[in-house]
Amino acid sequence: MIKVNYDTGNSSGLGYIAREEFAAYGNRIGSIHIKDRERKPDGSVVTRPLGEGSADFDDVFASIRGIHYTGGFTLQVARGEDGDEVNW
C-alpha cells in the first residue's frame, strides 16, 4: 500500500486546513513532517520558526490524534544563518 507524507508547513503555507485534509485522507498518511511556513501576499512561501508561521498546530495534533497515528515524525525548524543550524 502506498502512503503519503503529511507536511504541516507545505499544507498550511498553501492555505489548507489540517482537519479537512485529515478527514479526506488521514488513513493514508504514513509519515508526518513537522515544520512551519508563512504564505506571503505575493504567493511565495517562507519557512518560519515553529509557531511563527501559518501552521495551526492545535488543529494538526488534534487531527493526528483523531486518526490514532502511530508512525514517525520528521522535525524541521526554520533555517537561520548558514553555519548556525545547530543553534536553531
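The secondary structure of the protein chain in this predicted model comprises 3 helices and 5 strands, where helices (H or I, at least four residues) and strands (E, at least two) are DSSP runs numbered from the N terminus. Read along the sequence, these elements follow the pattern β-α-α-β-β-β-α-β. Residues are numbered from 1 along each chain as its sequence is written, and side-chain values use heavy atoms, with hydrogens and water left out. Because the model is predicted, local features need pLDDT of at least 70 and side-chain atom pairs count only at pLDDT 80 or more, whereas totals for chains, interfaces and linings use all residues.

The C-alpha atoms fill a box of roughly 40 × 30 × 25 Å, taken along the principal axes. The accessible surface of the chain comes to about 5800 Å², and 50% of this belongs to carbon and sulfur atoms; such areas come from the Shrake-Rupley method with a 1.4 Å probe, and for residues only the protein chains shown count as cover. Of the 88 residues, 33% count as buried, a class that means under 20% relative accessible area, with exposed meaning over 50% and partly exposed in between (1.4 Å probe, protein chains only). Among contacts (heavy atoms within 4.5 Å) between residues at least 6 apart in sequence, 61% join residues at least 24 apart.

A nonpolar core is taken as a set of buried Ala, Val, Leu, Ile, Met, Phe, Trp, Tyr and Cys residues joined through side-chain atoms within 4.5 Å. The largest one has 11 residues, namely Tyr-6, Ala-18, Phe-22, Ile-29, Ile-32, Ile-34, Ala-55, Phe-57, Val-60, Ile-64 and Tyr-69. Two or more residues of this core come from each of H2, S2 and H3. Ile-29, one of the core residues, touches Lys-3, Val-4, Tyr-6, Phe-22 and Tyr-69, when residues up to four places away in sequence are not counted.

Helix H2 (residues 18-25) has Ala-18, Glu-21 and Phe-22 as buried residues. Viewed down the axis of H2, they fall within an arc of 95 degrees and so line one face of the helix, the arc being that of the directions from the helix axis to the C-beta atoms. The face turned away from the buried side of H2 carries the exposed residues Glu-20, Ala-23 and Ala-24. Packing partners of the buried residues of H2 are strand S1 (4-7), helix H1 (8-13), strand S2 (29-34) and helix H3 (57-66).

Helix H3 can be read in the same way. Its buried residues are Phe-57, Asp-59, Val-60, Ser-63 and Ile-64; these fall within an arc of 160 degrees about the axis of H3, so they line one face of the helix. Exposed residues Asp-58, Arg-65 and Gly-66 sit on the face of H3 turned away from its buried side. The buried residues of H3 pack against H1, H2, S2, S3 and S5. After H3 comes His-68, whose phi is positive, near 55 degrees.

With a salt bridge defined as a side-chain nitrogen of Lys or Arg within 4 Å of a carboxyl oxygen of Asp or Glu, the count comes to 4. One of them joins the side chains of Asp-7 and Lys-35 at 3.4 Å, N to O. Asp-7 lies in strand S1 and Lys-35 in the loop between S2 and strand S3 (36-39), so the pair ties together parts that are 28 residues apart in sequence. Asp-7 is buried, with a relative accessible area of 9%, and Lys-35 counts as buried at 8%.

A salt bridge also forms between Glu-38 and Arg-48, with the closest N and O atoms 3.5 Å apart. This pair links distant parts of the chain, as Glu-38 is in strand S3 and Arg-48 in strand S4 (residues 45-48), 10 residues apart.

Val-77 is placed in the segment after strand S5 (72-75) and is partly exposed, with a relative accessible area of 32%.
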